[in-house]
Amino acid sequence: MVCEVGLDSGFLKGDGATCLGVSSAEMDQMAVSSSAYQPEDDEFDRNCPRICGVCGDKATGFHFNAMTCEGCKGFFRRSMKKKANFTCPFNGNCSITKDNRRHCQACRLKRCQDIGMMKEFILTDEEVQRKKEMILKRKEEEAVKEAKKPKLSEEQEKLIALLVDAHHKTFDTSYSYLSQFRPPVRDESKMEESEQSTSTDASQNLCSADSFGFDSFTASFPEGCNLSIDMSELPKLDFSIFGMIQDGTNSPMRSEKLPMLPHLADLVSYSIQKVVYFAKAIPGFRELLADDQIALLKSSAIEIIMLRSNESFSVEDMSWKCGNDEFKYDINDVTKAGHSLELLEPLIKFQVGLKNLNLHEAEHVLLMAICILSPDRPGVQNRVQVERIQDGLSETLQSYIRAKHPPPGNRLLYPKMIQKLTDLRSLSEEHSKQFQSLTFNPDCNTHLTPLVLEVFSNDVDQ
Ligand SMILES: [Zn+2]
Ligand SMILES: [Zn+2]
(Lines give C-alpha, C1' and ligand atoms only; values in the text may rest on other atoms or scores of the structure.)
(Ligands and ions follow the chains in the order given, each with its own letter.)
Protein backbone atom coordinates (compact mmCIF):
# COMPACT_ATOMS: atom_id res chain seq x y z
CA MET A 1 0.00 0.00 0.00
CA VAL A 2 2.79 2.38 0.84
CA CYS A 3 5.03 3.82 -1.74
CA GLU A 4 8.50 3.68 -0.38
CA VAL A 5 10.34 4.34 -3.58
CA GLY A 6 12.56 7.36 -3.55
CA LEU A 7 11.68 8.63 -0.14
CA ASP A 8 15.30 8.91 0.73
CA SER A 9 17.22 11.32 2.84
CA GLY A 10 18.11 13.36 -0.21
CA PHE A 11 14.52 14.22 -0.65
CA LEU A 12 14.12 15.07 3.01
CA LYS A 13 16.99 17.50 2.78
CA GLY A 14 15.35 19.01 -0.22
CA ASP A 15 18.59 18.98 -2.17
CA GLY A 16 16.93 18.29 -5.47
CA ALA A 17 16.75 14.52 -5.26
CA THR A 18 13.65 13.25 -6.93
CA CYS A 19 11.03 10.70 -6.16
CA LEU A 20 9.53 8.82 -9.06
CA GLY A 21 10.77 11.33 -11.53
CA VAL A 22 9.03 14.20 -9.80
CA SER A 23 11.30 17.19 -9.60
CA SER A 24 12.00 18.90 -6.33
CA ALA A 25 10.15 21.92 -7.63
CA GLU A 26 7.06 19.81 -8.12
CA MET A 27 7.54 18.30 -4.69
CA ASP A 28 7.64 21.79 -3.22
CA GLN A 29 4.45 22.53 -4.97
CA MET A 30 2.89 19.40 -3.53
CA ALA A 31 3.77 20.34 0.00
CA VAL A 32 1.97 23.61 -0.51
CA SER A 33 -0.85 22.76 -2.74
CA SER A 34 -3.69 20.75 -1.39
CA SER A 35 -4.33 19.16 -4.72
CA ALA A 36 -0.93 17.91 -5.56
CA TYR A 37 -2.08 15.01 -7.63
CA GLN A 38 -1.57 15.66 -11.29
CA PRO A 39 -3.63 13.31 -13.40
CA GLU A 40 -1.43 13.92 -16.44
CA ASP A 41 1.60 12.65 -14.57
CA ASP A 42 1.93 9.06 -15.65
CA GLU A 43 4.80 8.41 -13.27
CA PHE A 44 2.35 8.03 -10.43
CA ASP A 45 0.24 5.55 -12.30
CA ARG A 46 3.15 3.38 -13.23
CA ASN A 47 5.05 3.25 -9.98
CA CYS A 48 2.62 3.66 -7.09
CA PRO A 49 -0.91 2.59 -6.38
CA ARG A 50 -2.96 5.76 -6.01
CA ILE A 51 -4.43 4.55 -2.75
CA CYS A 52 -4.26 6.28 0.62
CA GLY A 53 -1.74 4.50 2.81
CA VAL A 54 -3.84 5.37 5.85
CA CYS A 55 -7.44 4.55 4.97
CA GLY A 56 -7.39 2.97 1.51
CA ASP A 57 -9.37 5.81 -0.09
CA LYS A 58 -8.30 7.24 -3.41
CA ALA A 59 -4.99 9.08 -2.91
CA THR A 60 -4.27 12.46 -4.42
CA GLY A 61 -0.49 12.35 -4.18
CA PHE A 62 2.32 12.67 -1.70
CA HIS A 63 1.41 14.57 1.42
CA PHE A 64 3.90 15.10 4.21
CA ASN A 65 6.04 12.30 2.82
CA ALA A 66 3.40 9.64 2.10
CA MET A 67 0.77 8.80 -0.46
CA THR A 68 -2.57 9.72 1.10
CA CYS A 69 -6.07 10.94 0.39
CA GLU A 70 -7.11 14.53 0.99
CA GLY A 71 -8.96 13.57 4.14
CA CYS A 72 -6.00 11.93 5.84
CA LYS A 73 -3.74 14.75 4.71
CA GLY A 74 -5.99 17.31 6.43
CA PHE A 75 -6.37 15.10 9.48
CA PHE A 76 -2.60 14.80 9.90
CA ARG A 77 -2.02 18.52 9.49
CA ARG A 78 -4.74 19.48 11.96
CA SER A 79 -3.56 16.90 14.47
CA MET A 80 0.02 18.17 14.32
CA LYS A 81 -0.94 21.84 14.50
CA LYS A 82 -3.02 21.43 17.61
CA LYS A 83 -0.50 18.96 19.03
CA ALA A 84 -3.37 16.59 19.62
CA ASN A 85 -3.01 13.71 22.00
CA PHE A 86 -5.56 11.05 21.09
CA THR A 87 -6.38 7.92 22.98
CA CYS A 88 -7.84 4.80 21.44
CA PRO A 89 -11.15 3.83 23.05
CA PHE A 90 -10.52 0.26 21.95
CA ASN A 91 -7.36 -1.81 22.16
CA GLY A 92 -5.14 0.56 20.12
CA ASN A 93 -5.20 -1.66 17.09
CA CYS A 94 -8.16 -0.38 15.02
CA SER A 95 -8.04 -1.04 11.31
CA ILE A 96 -8.63 2.22 9.42
CA THR A 97 -10.86 2.22 6.36
CA LYS A 98 -12.38 4.91 4.22
CA ASP A 99 -15.70 4.51 6.03
CA ASN A 100 -14.52 4.18 9.64
CA ARG A 101 -11.50 6.52 9.55
CA ARG A 102 -13.33 9.07 11.76
CA HIS A 103 -14.04 6.55 14.49
CA CYS A 104 -10.60 6.34 16.11
CA GLN A 105 -8.34 9.37 15.76
CA ALA A 106 -5.55 7.78 17.77
CA CYS A 107 -5.18 4.76 15.50
CA ARG A 108 -5.59 6.91 12.40
CA LEU A 109 -2.74 9.17 13.52
CA LYS A 110 -0.59 6.19 14.43
CA ARG A 111 -1.20 4.82 10.96
CA CYS A 112 -0.19 8.16 9.48
CA GLN A 113 3.13 8.04 11.29
CA ASP A 114 3.63 4.37 10.48
CA ILE A 115 3.52 5.04 6.76
CA GLY A 116 6.05 7.84 7.09
CA MET A 117 4.05 11.05 7.42
CA MET A 118 6.19 13.63 9.22
CA LYS A 119 5.31 16.88 10.89
CA GLU A 120 8.56 18.36 9.56
CA PHE A 121 6.85 18.41 6.19
CA ILE A 122 4.10 20.67 7.40
CA LEU A 123 4.87 24.23 6.52
CA THR A 124 4.09 27.21 8.70
CA ASP A 125 1.83 29.84 7.18
CA GLU A 126 4.89 31.99 6.48
CA GLU A 127 6.67 29.11 4.85
CA VAL A 128 3.62 28.42 2.71
CA GLN A 129 3.54 32.05 1.67
CA ARG A 130 7.26 32.06 0.93
CA LYS A 131 7.00 28.89 -1.15
CA LYS A 132 4.08 30.25 -3.09
CA GLU A 133 6.06 33.38 -3.87
CA MET A 134 9.06 31.33 -4.88
CA ILE A 135 7.02 29.23 -7.25
CA LEU A 136 5.44 32.30 -8.73
CA LYS A 137 8.84 33.92 -9.18
CA ARG A 138 10.20 30.82 -10.84
CA LYS A 139 7.26 30.71 -13.20
CA GLU A 140 7.77 34.36 -14.09
CA GLU A 141 11.45 33.81 -14.71
CA GLU A 142 10.67 30.89 -16.95
CA ALA A 143 8.16 32.99 -18.87
CA VAL A 144 10.74 35.75 -19.38
CA LYS A 145 13.32 33.20 -20.50
CA GLU A 146 10.82 31.68 -22.90
CA ALA A 147 9.94 35.09 -24.30
CA LYS A 148 13.60 35.93 -24.81
CA LYS A 149 14.29 32.69 -26.66
CA PRO A 150 14.77 33.43 -30.34
CA LYS A 151 11.82 32.22 -32.33
CA LEU A 152 10.79 32.03 -35.92
CA SER A 153 7.67 33.93 -36.82
CA GLU A 154 4.79 32.00 -38.26
CA GLU A 155 5.52 33.59 -41.60
CA GLN A 156 9.16 32.53 -41.46
CA GLU A 157 8.18 28.97 -40.56
CA LYS A 158 5.86 28.93 -43.55
CA LEU A 159 8.55 30.28 -45.86
CA ILE A 160 10.98 27.57 -44.80
CA ALA A 161 8.39 24.81 -45.18
CA LEU A 162 7.57 26.09 -48.65
CA LEU A 163 11.21 26.21 -49.77
CA VAL A 164 11.99 22.78 -48.34
CA ASP A 165 8.98 21.39 -50.16
CA ALA A 166 10.04 23.06 -53.42
CA HIS A 167 13.51 21.63 -52.99
CA HIS A 168 12.20 18.11 -52.42
CA LYS A 169 10.11 18.42 -55.56
CA THR A 170 13.08 19.58 -57.61
CA PHE A 171 15.87 17.47 -56.18
CA ASP A 172 15.36 13.78 -56.71
CA THR A 173 17.75 12.04 -54.34
CA SER A 174 17.17 8.69 -56.04
CA TYR A 175 18.99 10.17 -59.05
CA SER A 176 17.04 7.71 -61.17
CA TYR A 177 16.77 10.33 -63.94
CA LEU A 178 20.50 9.92 -64.67
CA SER A 179 19.85 6.73 -66.59
CA GLN A 180 17.70 8.70 -69.04
CA PHE A 181 20.69 10.76 -70.10
CA ARG A 182 23.29 9.80 -72.63
CA PRO A 183 25.45 7.45 -70.60
CA PRO A 184 28.69 8.51 -68.95
CA VAL A 185 31.73 7.39 -70.93
CA ARG A 186 35.01 7.39 -69.13
CA ASP A 187 37.15 5.71 -71.77
CA GLU A 188 37.48 8.15 -74.64
CA SER A 189 38.19 5.43 -77.20
CA LYS A 190 34.62 4.31 -76.70
CA MET A 191 33.22 7.73 -77.10
CA GLU A 192 32.42 7.71 -80.80
CA GLU A 193 30.62 4.44 -80.59
CA SER A 194 28.63 5.66 -77.64
CA GLU A 195 27.74 8.92 -79.33
CA GLN A 196 26.47 7.16 -82.40
CA SER A 197 24.41 4.71 -80.52
CA THR A 198 22.79 7.07 -78.09
CA SER A 199 22.88 10.64 -79.24
CA THR A 200 19.76 10.58 -81.36
CA ASP A 201 17.47 8.99 -78.83
CA ALA A 202 18.82 10.67 -75.78
CA SER A 203 19.09 14.08 -77.34
CA GLN A 204 15.59 13.91 -78.59
CA ASN A 205 14.47 12.85 -75.20
CA LEU A 206 16.23 15.74 -73.56
CA CYS A 207 15.22 18.32 -76.07
CA SER A 208 11.61 17.41 -75.76
CA ALA A 209 9.96 20.00 -73.61
CA ASP A 210 7.61 17.39 -72.29
CA SER A 211 10.28 15.29 -70.72
CA PHE A 212 11.40 18.04 -68.39
CA GLY A 213 8.69 20.59 -68.71
CA PHE A 214 10.95 23.47 -69.54
CA ASP A 215 8.20 25.04 -71.62
CA SER A 216 6.23 25.66 -68.48
CA PHE A 217 8.91 28.11 -67.47
CA THR A 218 8.46 30.23 -70.56
CA ALA A 219 4.72 29.79 -70.39
CA SER A 220 4.67 31.27 -66.95
CA PHE A 221 5.81 34.66 -68.10
CA PRO A 222 3.28 37.31 -68.97
CA GLU A 223 2.14 37.29 -72.54
CA GLY A 224 3.88 39.68 -74.84
CA CYS A 225 7.24 39.29 -73.17
CA ASN A 226 9.81 38.55 -75.77
CA LEU A 227 11.79 35.81 -74.20
CA SER A 228 13.28 34.24 -77.23
CA ILE A 229 16.67 35.87 -77.03
CA ASP A 230 17.03 35.54 -73.31
CA MET A 231 15.87 31.99 -73.19
CA SER A 232 18.16 30.97 -75.96
CA GLU A 233 21.04 32.13 -73.86
CA LEU A 234 20.13 29.83 -71.03
CA PRO A 235 21.23 26.71 -72.86
CA LYS A 236 24.55 28.28 -73.72
CA LEU A 237 25.06 29.11 -70.13
CA ASP A 238 24.29 25.54 -69.23
CA PHE A 239 26.42 24.01 -71.83
CA SER A 240 29.43 26.13 -71.25
CA ILE A 241 29.94 24.69 -67.80
CA PHE A 242 31.10 21.50 -69.30
CA GLY A 243 31.46 22.67 -72.81
CA MET A 244 35.02 23.78 -72.96
CA ILE A 245 38.48 23.35 -71.74
CA GLN A 246 41.74 25.08 -72.35
CA ASP A 247 44.93 23.20 -72.86
CA GLY A 248 48.40 24.66 -72.49
CA THR A 249 48.25 26.41 -75.83
CA ASN A 250 45.08 28.20 -74.96
CA SER A 251 43.08 26.47 -77.64
CA PRO A 252 40.04 24.50 -76.61
CA MET A 253 40.19 20.75 -76.79
CA ARG A 254 38.01 19.02 -79.26
CA SER A 255 35.02 17.36 -77.78
CA GLU A 256 36.15 13.94 -78.98
CA LYS A 257 38.48 14.07 -76.07
CA LEU A 258 35.64 14.83 -73.72
CA PRO A 259 33.82 11.52 -73.34
CA MET A 260 31.93 12.58 -70.24
CA LEU A 261 30.62 15.72 -71.88
CA PRO A 262 27.33 14.42 -73.29
CA HIS A 263 26.27 12.85 -70.04
CA LEU A 264 27.23 15.76 -67.83
CA ALA A 265 25.83 18.30 -70.26
CA ASP A 266 22.51 16.46 -70.06
CA LEU A 267 22.77 16.50 -66.29
CA VAL A 268 23.40 20.22 -66.19
CA SER A 269 20.58 20.93 -68.63
CA TYR A 270 18.26 18.93 -66.42
CA SER A 271 19.50 20.68 -63.30
CA ILE A 272 18.91 24.12 -64.78
CA GLN A 273 15.28 23.28 -65.32
CA LYS A 274 14.96 22.14 -61.73
CA VAL A 275 16.59 25.35 -60.55
CA VAL A 276 14.01 27.28 -62.53
CA TYR A 277 11.20 25.42 -60.80
CA PHE A 278 12.75 26.04 -57.43
CA ALA A 279 13.16 29.76 -58.15
CA LYS A 280 9.54 30.03 -59.17
CA ALA A 281 8.51 28.65 -55.79
CA ILE A 282 10.29 31.42 -53.87
CA PRO A 283 7.60 33.81 -52.65
CA GLY A 284 7.79 37.04 -54.61
CA PHE A 285 9.92 35.68 -57.43
CA ARG A 286 7.07 35.33 -59.88
CA GLU A 287 5.90 38.86 -59.15
CA LEU A 288 9.20 40.22 -60.46
CA LEU A 289 9.47 41.60 -63.96
CA ALA A 290 9.90 38.74 -66.40
CA ASP A 291 13.19 40.24 -67.55
CA ASP A 292 14.41 40.38 -63.98
CA GLN A 293 13.42 36.77 -63.39
CA ILE A 294 15.47 35.77 -66.38
CA ALA A 295 18.41 37.98 -65.40
CA LEU A 296 18.47 36.41 -61.94
CA LEU A 297 18.21 32.88 -63.27
CA LYS A 298 20.82 33.39 -65.95
CA SER A 299 23.47 34.48 -63.52
CA SER A 300 22.55 32.24 -60.61
CA ALA A 301 21.81 28.94 -62.39
CA ILE A 302 25.41 27.74 -62.33
CA GLU A 303 25.86 28.82 -58.74
CA ILE A 304 22.71 27.00 -57.65
CA ILE A 305 23.77 23.86 -59.48
CA MET A 306 27.07 24.00 -57.62
CA LEU A 307 25.23 24.59 -54.34
CA ARG A 308 22.66 21.83 -54.76
CA SER A 309 25.26 19.34 -55.95
CA ASN A 310 26.74 19.55 -52.46
CA GLU A 311 23.99 17.20 -51.36
CA SER A 312 25.59 14.36 -53.32
CA PHE A 313 29.17 15.44 -52.66
CA SER A 314 31.23 13.13 -50.49
CA VAL A 315 34.23 14.48 -48.64
CA GLU A 316 35.66 10.99 -48.13
CA ASP A 317 36.51 10.44 -51.78
CA MET A 318 36.00 13.96 -53.12
CA SER A 319 33.32 12.93 -55.56
CA TRP A 320 29.66 13.46 -56.29
CA LYS A 321 27.88 10.21 -55.50
CA CYS A 322 24.62 9.97 -57.37
CA GLY A 323 23.90 6.29 -57.05
CA ASN A 324 26.10 3.43 -58.22
CA ASP A 325 29.66 3.76 -59.51
CA GLU A 326 28.45 4.61 -62.99
CA PHE A 327 26.94 7.79 -61.60
CA LYS A 328 29.72 8.68 -59.23
CA TYR A 329 31.66 11.63 -60.56
CA ASP A 330 35.14 12.52 -59.45
CA ILE A 331 37.35 15.37 -60.55
CA ASN A 332 38.80 13.21 -63.32
CA ASP A 333 35.35 12.51 -64.74
CA VAL A 334 34.47 16.16 -64.80
CA THR A 335 37.76 16.96 -66.49
CA LYS A 336 36.68 14.56 -69.20
CA ALA A 337 33.68 16.77 -69.68
CA GLY A 338 35.81 19.77 -70.48
CA HIS A 339 36.31 21.46 -67.17
CA SER A 340 39.67 22.99 -66.48
CA LEU A 341 41.29 22.64 -63.10
CA GLU A 342 41.16 26.40 -62.77
CA LEU A 343 37.47 25.91 -62.19
CA LEU A 344 37.53 22.44 -60.67
CA GLU A 345 40.05 22.95 -57.91
CA PRO A 346 38.25 25.87 -56.30
CA LEU A 347 34.96 24.05 -56.92
CA ILE A 348 36.11 21.01 -54.93
CA LYS A 349 37.45 23.30 -52.22
CA PHE A 350 34.08 25.02 -52.16
CA GLN A 351 32.23 21.70 -51.89
CA VAL A 352 34.37 20.57 -48.97
CA GLY A 353 33.96 23.89 -47.17
CA LEU A 354 30.22 23.87 -47.67
CA LYS A 355 29.92 20.27 -46.56
CA ASN A 356 31.83 21.08 -43.39
CA LEU A 357 29.27 23.69 -42.44
CA ASN A 358 26.82 20.81 -41.88
CA LEU A 359 23.90 22.95 -42.91
CA HIS A 360 20.40 21.96 -41.94
CA GLU A 361 18.10 21.45 -44.88
CA ALA A 362 16.31 24.71 -44.03
CA GLU A 363 19.61 26.58 -44.19
CA HIS A 364 20.57 24.87 -47.44
CA VAL A 365 17.35 25.88 -49.20
CA LEU A 366 17.43 29.41 -47.80
CA LEU A 367 21.00 29.84 -49.02
CA MET A 368 19.93 28.81 -52.52
CA ALA A 369 17.00 31.22 -52.43
CA ILE A 370 19.21 34.06 -51.19
CA CYS A 371 21.69 33.30 -53.97
CA ILE A 372 18.99 33.47 -56.63
CA LEU A 373 17.48 36.69 -55.27
CA SER A 374 20.69 38.72 -55.47
CA PRO A 375 19.83 42.29 -56.49
CA ASP A 376 23.33 43.00 -57.80
CA ARG A 377 23.10 40.56 -60.70
CA PRO A 378 23.80 42.11 -64.10
CA GLY A 379 20.71 43.21 -65.95
CA VAL A 380 18.37 43.42 -62.98
CA GLN A 381 16.13 46.45 -63.35
CA ASN A 382 14.06 46.56 -60.20
CA ARG A 383 16.82 46.02 -57.69
CA VAL A 384 14.79 47.34 -54.76
CA GLN A 385 12.12 44.72 -55.29
CA VAL A 386 14.68 41.91 -55.50
CA GLU A 387 16.48 43.26 -52.45
CA ARG A 388 13.27 43.25 -50.44
CA ILE A 389 12.74 39.55 -51.13
CA GLN A 390 16.36 38.76 -50.38
CA ASP A 391 16.21 40.69 -47.09
CA GLY A 392 13.26 38.61 -45.96
CA LEU A 393 15.13 35.42 -46.83
CA SER A 394 18.28 36.60 -45.03
CA GLU A 395 16.35 37.54 -41.90
CA THR A 396 14.65 34.16 -41.92
CA LEU A 397 18.00 32.43 -42.25
CA GLN A 398 19.46 34.39 -39.35
CA SER A 399 16.40 33.73 -37.18
CA TYR A 400 16.56 30.08 -38.06
CA ILE A 401 20.20 29.79 -37.04
CA ARG A 402 19.53 31.60 -33.75
CA ALA A 403 16.49 29.50 -32.93
CA LYS A 404 17.31 26.09 -34.30
CA HIS A 405 21.02 25.58 -34.92
CA PRO A 406 22.74 24.48 -31.71
CA PRO A 407 26.31 25.36 -30.78
CA PRO A 408 29.05 24.95 -31.69
CA GLY A 409 27.89 24.61 -35.32
CA ASN A 410 26.00 27.89 -35.21
CA ARG A 411 29.11 29.90 -34.45
CA LEU A 412 29.55 32.55 -37.15
CA LEU A 413 27.45 30.31 -39.36
CA TYR A 414 25.62 33.15 -41.09
CA PRO A 415 28.78 35.04 -42.15
CA LYS A 416 30.32 31.73 -43.21
CA MET A 417 27.31 31.05 -45.41
CA ILE A 418 27.46 34.50 -46.93
CA GLN A 419 31.14 33.89 -47.65
CA LYS A 420 30.07 30.84 -49.64
CA LEU A 421 28.02 33.15 -51.85
CA THR A 422 31.14 35.19 -52.49
CA ASP A 423 33.05 32.02 -53.36
CA LEU A 424 30.31 31.15 -55.82
CA ARG A 425 30.75 34.48 -57.55
CA SER A 426 34.42 33.69 -58.15
CA LEU A 427 33.55 30.24 -59.46
CA SER A 428 30.93 31.75 -61.69
CA GLU A 429 33.39 34.34 -62.94
CA GLU A 430 35.94 31.67 -63.79
CA HIS A 431 33.29 29.82 -65.71
CA SER A 432 32.30 32.96 -67.53
CA LYS A 433 35.89 33.52 -68.63
CA GLN A 434 36.01 30.08 -70.17
CA PHE A 435 32.72 30.67 -71.87
CA GLN A 436 34.03 33.84 -73.48
CA SER A 437 36.97 31.91 -74.76
CA LEU A 438 34.69 29.22 -76.14
CA THR A 439 32.60 31.64 -78.16
CA PHE A 440 35.74 33.04 -79.76
CA ASN A 441 36.69 29.64 -81.09
CA PRO A 442 34.44 28.78 -84.01
CA ASP A 443 35.82 25.25 -84.21
CA CYS A 444 34.94 24.32 -80.69
CA ASN A 445 31.86 26.47 -80.75
CA THR A 446 30.36 24.79 -83.77
CA HIS A 447 31.41 21.42 -82.55
CA LEU A 448 29.83 21.77 -79.19
CA THR A 449 27.01 24.17 -79.61
CA PRO A 450 24.65 21.96 -81.62
CA LEU A 451 24.12 19.80 -78.58
CA VAL A 452 22.99 22.71 -76.49
CA LEU A 453 20.94 24.31 -79.21
CA GLU A 454 19.27 20.98 -79.70
CA VAL A 455 18.24 20.89 -76.08
CA PHE A 456 16.38 24.16 -76.19
CA SER A 457 15.53 25.02 -79.80
CA ASN A 458 12.13 23.35 -79.53
CA ASP A 459 11.13 25.82 -76.86
CA VAL A 460 12.16 28.97 -78.60
CA ASP A 461 11.02 30.45 -81.90
CA GLN A 462 14.08 31.95 -83.43
ZN1 LIG B 1 -7.03 8.32 3.85
ZN1 LIG C 1 -8.09 2.85 17.77
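For orientation, the ideal angle for four tetrahedral donors is 109.5 degrees. This is a predicted model, in which local features need pLDDT of at least 70, side-chain atom pairs count only at pLDDT 80 or more, and totals for chains, interfaces and linings use all residues. Residues are numbered from 1 along each chain as its sequence is written, chains are lettered from A and ligands numbered from 1 in the order in which they are written, and side-chain values use heavy atoms, with hydrogens and water left out.

Let's see who holds this ion. Its protein donors (N, O and S atoms within 2.8 Å of the metal, or 3.2 Å for Na, K and Ca) are Cys88, Cys94, Cys104 and Cys107, each through SG, at 2.2 to 2.4 Å. Along the chain they follow the spacing C-x5-C-x9-C-x2-C. Cysteine 88 sits in the loop between α4 and α5 (105-114) and cysteine 107 in helix α5, so the pair ties together parts 19 residues apart in sequence. Helices here are DSSP runs of H or I with at least four residues, and strands are runs of E with at least two, numbered from the N terminus. Both cysteine 88 and cysteine 107 are buried, meaning under 20% relative accessible area with a 1.4 Å probe and protein chains only.

Now for the zinc ion (ligand 1). The SG atoms of Cys52, Cys55, Cys69 and Cys72 are its protein donors, 2.2 to 2.4 Å away. This site is tetrahedral too, with angles of 102 to 121°. Cysteine 55 is buried at 6% relative accessible area, and cysteine 69 is buried at 1%.

How values were computed: Four donors count as tetrahedral if all angles lie between 85 and 135 degrees; four count as square planar and six as octahedral if opposite donors are over 155 degrees apart and all others between 65 and 115; anything else is irregular. Buried means under 20% relative accessible area, exposed over 50%, partly exposed in between (1.4 Å probe, protein chains only).
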